[in-house]
Amino acid sequence: MSSPFGPEHAPAGDVGAALLMIDSRLRSVHAGRTEADPEMEALVDQFTVSLGPGGADDLLDGACTLIYMFMTWLRTAHEDHGKDVIEYVVPNLVATMRMMPRSVRPEAVPTMAGLVIAAGTGLSPNLWRKQYGDWTEAELTPLEATAFLLAEHINRITEDADFATRMITEALTSTDDA
């Protein structure tokens, strides 16, 4: 039976812009720049404001689509080894987010875990989240951190620092070609 929270009912959003933000964060961390760069933060803020209300919603939907795509890949990879993606990914993700109290406030951790569990069970994370109301300002950075951590987890598994970004880029390219 189909769920109203299935990905077929969800808007994909601006996956390209969301991927650009996540890839930028990945590259910064790999270059050893982990402290907030005021200039980069100003550029991100300017970019976000330029999107307008509809564009910001598209960016949020795009980030949720990334989370769904990352969890779909992780689910397949774990199932190939007889493992449950929820059991192996969610506890690590939650533990990591709990070590990031400046970026991910403790009250946001259960919501981000719920998003990942929804995606890991084949549901749309953005539709799952919308049942609880609009996104809050306090959830935006944790959402980005969640997508970042999943991408980094995939990159570590594959031992390829660009794998997660390349996987999404190839998926977007193949969709454009079709």
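## Getting oriented

Helices here are DSSP runs of at least four residues marked H or I, numbered from the N terminus. In this predicted model, threonine 146 sits in helix H6.

## H3 against H6

Helix H3 (residues 85–98) packs on helix H6 (residues 137–158) with axes 11 Å apart and an angle of about 125 degrees. The two are therefore oblique to each other, and their crossing is right-handed. H3 brings Val89, Asn92, Leu93, Thr96 and Met97 to the contact, while H6 brings Thr146, Leu149, Leu150, His153 and Arg156. Sorted by class, these are 5 nonpolar, 4 polar and 1 charged residues.

## H4 against H6

Helix H4 (residues 109–120) also meets H6: the axes come within 10 Å and cross at roughly 45 degrees. That angle makes H4 oblique to H6, and the crossing is right-handed. On the H4 side, the contact is made by Thr111, Met112, Leu115 and Val116; on the H6 side, by Glu139, Pro142, Leu143, Thr146 and Leu150. By class, the contact has 6 nonpolar, 2 polar and 1 charged residues.

## Back to threonine 146

Is threonine 146 buried or exposed? Its relative accessibility is 0%, so threonine 146 counts as buried.

Thr146 is listed in the contact of H6 with H3 and in the contact of H6 with H4. Leaving out residues up to four places away in sequence, threonine 146 touches Ile67, Leu93, Met97, Met112 and Val116. Among these partners, Leu93 and Met97 belong to the H3 side of its contact with H6, and Met112 and Val116 to the H4 side.

Note on methods:
Residues numbered from 1 in each chain as written. Predicted model: local features only at pLDDT ≥ 70, side-chain atom pairs only at ≥ 80, totals over all residues. Heavy atoms only, no water. Axes fitted to C-alpha atoms, helices over the stretch in contact; angles between N-to-C directions. Parallel < 35°, antiparallel > 145°, perpendicular 65-115°, else oblique. Left-handed = near helix turned anticlockwise from the far one by under 90°. Contact = heavy atoms within 4.5 Å. Nonpolar A, V, L, I, M, F, W, Y, C, P; charged D, E, K, R; others polar. Buried < 20%, exposed > 50% of the residue type's maximum accessible area, 1.4 Å probe, protein only.
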